Structure formats: C-alpha cells, structure tokens
Amino acid sequence: MSKDAVNTAAAASRSDAAQVPADAGDAGYSKDLKPRHLNMIAIGGAIGTGLFLGAGGRLHNAGPALAIAYLVCGIFAFFVVKALGELVLYRPSSGSFVSYAREFLGEKGAYVAGWMYFLNWSTTGIADITAIALYTHYWSLFTDIPQWVLALVALAVVLVVNLISVKIFGEMEFWFSIIKVATLVGFMLIGIFLLATQQKVGGGTPGLSVITDNGGVFPHGMMPVVLVMQGVIFAYAALELVGVAAGETAEPEKIVPRAVNSIMWRVGLFYVGSVVLLALLLPGSVYSADQSPFVTVLSKIGIPAAGDVMNLVVLTAAMSSLNSGLYSTGRILRSMAMAGSAPKFTARMNRSQVPYGGILLTCGVCVLGVGLNFLVPAQAFEIVLNVASLGIISTWVIIMVCHLVFVRRAKAGLISRPTFRLRGTPVTEIATIVFLLACLGMMWNDPEVGRKTLLLIPLIAAMLVAGWFGVRRRVSQTADQELSQLTK
C-alpha cells in the first residue's frame, strides 16, 4: 500500500487524521530545542573540519581559486537547504527528507534516502572518532594512549550526551558552534589587522601581491579547482541538520526561515572570507594538508600556542560532527522503523523522548571504526571519509528530487506551498542535481581513493536491493495497518 493511499485516507477522515501525525515517526518527541539552538546548529553545520583542517591541502592544490570553489559549492548547498526548509514549513518532521521522500517518492525512495544517509553519518562518525583520537595525540599527555582507546572514549562521551535529552544535545551543539565561530572571527580580525598594517607574515608582506607574484588566482590551472569540488561539497555536509532539528522545535515556521536564510551570508563570510584572507597572507604553496591553514599563519607571525588552540578547535569540530551524526541518524532511523524499513528496535524511545535504538545502531557501526583504528590506524580516516561522500551527495540529490515533485503537486493544486520557498524551480533543482552528480563523477580522476570509492557504488546498490526485498513485506503490512487505523 503506497503512502499516497494513506494520505488520501487521512484526508477523507479528517477527524481521525487530525489526531495522527503525518509521519508516525514524529510522535513522542519533545519540543525542547530553542531558537538559539537551531540557529547555532545551522552555523555548526556550515563550519567544520572541512574548513579548519581541509582548507590547507586544498589551498596548496588549487591556490586562491579555492575561494571560488567554496562560493560555487556554497550556492548549491544553499539551494539544497532552502528546498529542505520549504518542505519543513510545509510539514515539520523529525524524519525530515526521509519523511518527504516517503510522501513524494514512495516507500522505496524513503528506504534509499534513509539508508544512504545512515551510510553517510555512520562512516562520518568513524572518521570523526579517528580524527578525535589523532588530534588528542597532539598533546604529549595522551601520546602513550592507543588511538583506538581514545576513539572509544570519545564515542562513549558523545553517546551519553545524546541519550540524556535533546536539550542537552542542543546545548552541546550551541557551545561547540560558539567556539568555532569565535575562533574564525578572531582569526579574521587578526588577518585584517595584518593586511591593514602591512605586518610581515613569514618574511613577506601580505596583500594582492602575494597572489599575483605566485601564479595568480589559478596558479595550477582550472583542473585542480575542479577536482577539489567533491571535497568542498563534503565540507558543507551537515547543513541538512536544520531540517531534522526543526521537528523538535516549538515554532519551526518562525525559526527555520531565519536559520536557512542566514546560511548564505555565513558561507560567504566564514568560508569564502577566510580563504581569501589566507590567500592574501601567504602563498598557497606554503599551506599543507598536514596542518590547519590557520595554524600555519599564526605560527608564521609567532603567536604562542597557536597549534594548541587550533588543535582544540578542530577537536571541537570533530566532536560536534559526531554529536550531530548520532542525533540525526537516531531520528531518521526511527522514521524508517515506524514505516517498516529499518529494524524495529530503532523505533524505541527512552523516558527523555530520545530515539535511543537508532543512536545505538549508529554507535554499533562506529565501534567497527574503533576496530579500524586498532588494525589500520594510519589509513582509517581516508578509508571511511570517501564512502561518506557517496551518502551526502545522494541525500542532497534526493532532497532536490523531492522538492521537484512537491512543486509539481503544488502546481496541480493538490497541496499548498509556503511563502518561504526556493526560487527558480525547476531550473534550480535540476542544476543542483547535475552539479552534485558531476562532483561525484570527478572522483574518477583520483585513481588512488576516489576511483575505488566509485567502484563501491554497484556493491552498495546490490546491498540496497537485497535489503529492500528483505523489508518490503513489513513495509507493506505497516502501511496497511496505518491505513486501517485512519479509516476506522
């Protein structure tokens, strides 16, 4: 039985339907996330290790043109979040895009959306605990502790925080984001001061001459800029958290538009602005993938403990990412479990109205990451990071496809669009989908890691097909039960 049939039955029996959530997985949640929590979750989703750490290697490869790559990818990321924001205002749901995929693409669409998102965050979680262990080893106090032990401790701490209550999660994300924003603002003020006063940085004078004297905006041509796009897209992963968190806020219609609209200027200020500053302060060749570009600059001007401060911030960014991953997958898996496409135990909630079943399943996969840190500590990070990129690109594509169907139904008079909406449809959605698929295709040009990652797609597809045949009967039975309840 399709979701459309359930919705039709709900419309025909409004008195009953009014008592039943549009998505059964939305029942039972508290509304404890405050506006400041959602706003900082939006910021936190836009600022992470992709900027604090990843920008160094990308600046080395692409030069100042990296700012253009961040801007282009940021625009398409904004389109995705704007589309999701419109869907949220149409119907807030903790199941977020999985719930919308169920409504507009059917159960198969929701199944693919949910499990690909789970693949993204479970593998990202492995990358996060690996990164946390590596960053912690920076300090001599922890160098003798095995990497896998530090990874396990980090996972346990974030798990406990997530299980207590959504309010604690929101507070933790709020302060994580405050630390990240304060660090970026502090660095940008230092950078602007260095430019304005023409202070020496690494023996050279900062300014446009740093760019023009070192090969210009495209020192290595266009191709390196094109190749870093896929990594830049991953840097924006987690922006979709706004849609998931909106299901646990009291007034999403007021909070979500502000949070979504502010993302664009934050991208422009923090990502593009930071990269432009970095390019004006030092040549791209000075930066490296092994060190945060901010540490590189601060160490060149002799600021004491620059490495310690930035290492703490990058550690915070990784903890924030792990925290967000457990939060979002718990809600997504519960939405799927209520429809029959995820294990039944992932639908369970504790007394604090936290879906602990889904959170524990994600943690179970992350424990495999602890094993990776034990077996291959040097390669653990790279192995999982590229697999996660497949999940985030597929998630964003599904959001845009859902929005296309949503707009088509609105034009047919079947549903109403909110006043807060993505403009330029269907061109905006199609352009975004083409861009995301192109970024995926660019991975083929990286024979060492990217090409091997793409070769995993047939295996993942086969696993999804096999899984669907395993759950389709339960999905059908769940839909029939929901239909019978609505038509009683």
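Which residues does F52 touch, not counting residues up to four places away in sequence? Please note that this is a predicted model. In it, F52 touches I47, K180, T183, L184, S292, P293, F294, M310, V313, V314 and A317, with residues up to four places away in sequence left out of the list.

F52 also belongs to the largest nonpolar core, which has 159 residues. Together with Y70, Y236 and W396, F52 touches the most other members of that core. The element that gives the most to this core is helix α19, residues 380-411, with 16 residues.

I turn now to the cysteines. A search of the whole structure finds 0 disulfides. For C366, the closest cysteine sulfur is that of C363, at 5.8 Å; a disulfide requires sulfur atoms within 2.5 Å, so this pair is too far apart for a bond. C366 is buried, with a relative accessible area of 0%, and C402 is likewise buried, at 1%.

Next, the backbone. The peptide bond from T425 to P426 is cis, with omega near 0°. P426 is located in the loop between α19 and α20, the latter spanning 427-442.

Finally, two glutamines have positive phi. Q198 has phi near 55° and sits in the loop between α10 (166-197) and α11 (208-212). Q353, which is not a glycine either, has a phi of about 65°, and its place is the loop between α17 (306-339) and α18 (356-375). Both are partly exposed: Q198 has 43% relative accessibility, and Q353 has 31%.

Methods
Residues numbered from 1 in each chain as written. Predicted model: local features only at pLDDT ≥ 70, side-chain atom pairs only at ≥ 80, totals over all residues. Heavy atoms only, no water. Buried < 20%, exposed > 50% of the residue type's maximum accessible area, 1.4 Å probe, protein only. Core = buried A, V, L, I, M, F, W, Y, C linked by side-chain atoms within 4.5 Å. Helix = DSSP H or I, 4+ residues; strand = E, 2+ residues; numbered from the N terminus. Contact = heavy atoms within 4.5 Å.
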